[in-house]
Amino acid sequence: MPTAVPLPFPGELQAPGTADAPFEPALALADLPPGSMTRVSRDDLDLLIAHTDEGIVATEDRCPHMAAPFSEGRLEGCTLHCPLHRGAFDVRDGEVVTFPTTGGLSADGVYRPTWTPDGSPAKAPLRPNDPKARARALTRVRRLRYYPLRIRDGAIEVAWPR
Ligand code: FES
């Protein structure tokens, strides 16, 4: 299957402000070989453009857990691995593949406990007056958000919000 095509994404996960945004060049297709990913920044928006097994995709270069840059992580097939907390996301649908080790709320608001390695004792239960523990527990891990892209004349063009 050719991979130098835009990867389709769920319409409801399109980033705000991109519906009517013009497509503008982000980088040369030749600079993004299959299996690679890179950060492209404009003003204060940092995008991750990834060349997956099934197509090219643009999403924010911020993990939807605690905002670590995906570009410092790893791309494996269609899965983005965050460099922090072992979180992993499927770029085909924006869903969590591996929930971050710190636990927290899923996109649907379901609480996921802190991860412990097999054979290790479970972490102590939350103490309600511990602000860090409460912050971890209330951190919602959202689905990825997508920026439409197209490929024209050897360039990857992205719909940059105004
Ligand atoms: S910041 Fe990515 S898993 Fe925590």
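User: Why is Pro-10 called buried?

Analyst: Buried means under 20% relative accessible area, exposed over 50%, and partly exposed in between, with a 1.4 Å probe and protein chains only. Pro-10 has a relative accessible area of 19%, so Pro-10 is buried. The model is predicted: local features need pLDDT of at least 70, side-chain atom pairs count only at pLDDT 80 or more, and totals for chains, interfaces and linings use all residues. Residues are numbered from 1 along each chain as its sequence is written, and side-chain values use heavy atoms, leaving out hydrogens and water.

User: Where does Pro-10 lie?

Analyst: Pro-10 is in the segment before strand E1 (23-28). Its C-alpha atom is separated by 15 Å from that of Cys-78, 68 residues apart along the chain.

User: What makes Cys-78 buried?

Analyst: Its relative accessibility is 6%, so Cys-78 counts as buried. Cys-63 also has 6% relative accessibility, and therefore counts as buried.

User: How do you know that Cys-78 is in no disulfide?

Analyst: A disulfide is a pair of cysteine sulfur atoms within 2.5 Å. For Cys-78, the nearest cysteine sulfur is that of Cys-63, 18 Å away. The structure holds zero disulfides.

User: How many helices and strands are there in the protein chain, and what counts as one?

Analyst: There are one helix and 12 strands. Both are DSSP runs numbered from the N terminus: helices are H or I with at least four residues, strands are E with at least two. Along the sequence the pattern is β-β-β-β-β-β-β-β-β-β-α-β-β. Buried residues make up 41% of the 162 residues in the protein chain.

User: Why are E2 and E3 said to pair?

Analyst: Two strands pair if DSSP finds at least two bridges between them. Strand E2 (residues 37-42) and strand E3 (residues 45-52) have six bridges, in the antiparallel sense. Arg-42 has Leu-45 in E3 as its bridge partner. Arg-39 has Leu-48 in E3. E2 and E3 form a hairpin with two residues between them, and Asp-43 in the turn has a positive phi of about 50 degrees.

User: How many bridges pair E3 with E4?

Analyst: E3 and strand E4 (residues 55-60) pair over six bridges, in the antiparallel sense. Leu-47 has Glu-60 in E4 as its bridge partner. A hairpin joins E3 to E4 through two residues.

User: Why is E3 called largely enclosed?

Analyst: Seven of the eight residues of E3 are buried, so the rest of the structure largely encloses E3.

User: What makes E5 and E8 the edges of their sheet?

Analyst: The open sheet of four strands has the order E5-E6-E7-E8, with antiparallel pairing. Strand E5 (74-76) and strand E8 (96-98) each have a single partner strand, so one side of each is left without a neighbour in the sheet. Three bridges join E5 to strand E6 (residues 79-81). Arg-74 stands opposite His-81 in E6.

User: What lines the second largest pocket, and how do its residues divide?

Analyst: The lining includes Cys-63, Phe-70, Glu-60 and Arg-140. The lining residues divide into five nonpolar, one polar and six charged. Ala, Val, Leu, Ile, Met, Phe, Trp, Tyr, Cys and Pro count as nonpolar, Asp, Glu, Lys and Arg as charged, and the others, Gly among them, as polar. On a 1 Å grid over the protein atoms alone, a pocket is an open set of points where a 1.4 Å probe fits, with protein on both sides within 12 Å along at least five of seven lines; lining residues have an atom within 4 Å of a point.
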